[in-house]
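Have the sequence and the 3D view ready as you read.

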Amino acid sequence: MIANLGRFDRLIRAVAGLALFSLPLLNMPAIWSSAALAYGSMGVGVVLFLTAFFRFCPLYRIIGISTCRI
């Protein structure tokens with residue numbers, strides 16, 4: 001895997017991933033009262049955080065986008 005995520009993209013993904021994972025656990029907005037929405041949000045949050053951690057996004061690879069300056 002070749003890194004294709006830049007620093008700003010990684011930061012946004014990590015913050016959004018942590019928010020999407022933790023907010024359903026806290027049930028902050030009542031939109032996550034449905035279990036399906038809560039688990040879906042948590043799944044998307046995990047994927048976003050992992051792509052930020054590994055600096056690789058498979059969708060970016062398919063489309064041919066790279067925000068990494070290396």
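## A nonpolar patch on the surface

Helix α2 gives the most to the nonpolar patch, with five residues. That patch lies on the surface and is formed by Met1, Leu18, Phe21, Leu25, Leu26, Met28, Val46, Phe49, Leu50, Phe53 and Phe54. Together these residues have about 1,200 Å² of accessible area. Two or more residues of the patch come from each of α1 (7–26) and α2. Keep in mind as you look around that this is a predicted model.

Where does Met28 sit? You will find Met28 in the loop between α1 and α2. Met28 counts as exposed because its relative accessibility is 56%, and the cut-off for exposed is over 50%.

## The overall picture

Now step back to see the whole protein. The secondary structure comes to three helices and zero strands, and from the N terminus on the order of elements is α-α-α. The C-alpha trace spans about 40 × 20 × 15 Å along its principal axes.

The protein has 70 residues, and 27% of them count as buried. Its accessible surface comes to about 5,100 Å², and carbon and sulfur atoms account for 73% of that. What share of the contacts with a separation of 6 or more comes from residues 24 or more positions apart? The share is 72%.

## One salt bridge

How many salt bridges does the structure hold? There is one, and it is formed by the side chains of Arg13 and Asp9, with 3.3 Å from N to O. Find both residues in helix α1: because they are four residues apart there, about one helical turn separates them.

Are Arg13 and Asp9 buried or exposed? Both Arg13 and Asp9 are buried.

## Thr51 and its neighbours

Arg13 also leads us to another residue. A polar contact of 3.2 Å joins its side chain to the side chain of Thr51. Thr51 belongs to helix α2, which covers residues 35–54. Why does Thr51 count as buried? Its relative accessibility is 9%, and buried means under 20%, so Thr51 falls on the buried side of the cut-off.

Which residues does Thr51 touch, leaving out those up to four places away in sequence? They are Leu5, Arg13, Phe56, Cys57 and Pro58. Click on each of these in turn to see how they are placed around Thr51.

One of the residues touched by Thr51 is Cys57, which brings us to the cysteines. The structure holds zero disulfides. Cys57 is in no disulfide, and the nearest cysteine sulfur, that of Cys68, is 13 Å away.

To count as a disulfide, the two sulfur atoms would have to be within 2.5 Å.

Are these cysteines buried or exposed? Cys57 is buried, since its relative accessible area is 6%. Cys68 is buried as well, with a relative accessible area of 18%.

Conventions
Residues are numbered from 1 along each chain as its sequence is written. This is a predicted model: local features need pLDDT of at least 70, side-chain atom pairs count only at pLDDT 80 or more; totals for chains, interfaces and linings use all residues. Side-chain values use heavy atoms; hydrogens and water are left out. Buried means under 20% relative accessible area, exposed over 50%, partly exposed in between (1.4 Å probe, protein chains only). A polar contact is a pair of N or O atoms within 3.5 Å; within protein, one must be able to donate a hydrogen and the other to accept it, and residues adjacent in sequence count only if both atoms are side-chain atoms. Contact means heavy atoms within 4.5 Å. Patches are made of residues with over 30% relative accessible area and no salt bridge: like charges are joined within 9 Å, nonpolar side chains (Val, Leu, Ile, Met, Phe, Trp, Tyr) within 5 Å. Accessible areas come from the Shrake-Rupley method with a 1.4 Å probe; for residues, only the protein chains shown count as cover. A salt bridge is a side-chain nitrogen of Lys or Arg within 4 Å of a carboxyl oxygen of Asp or Glu.
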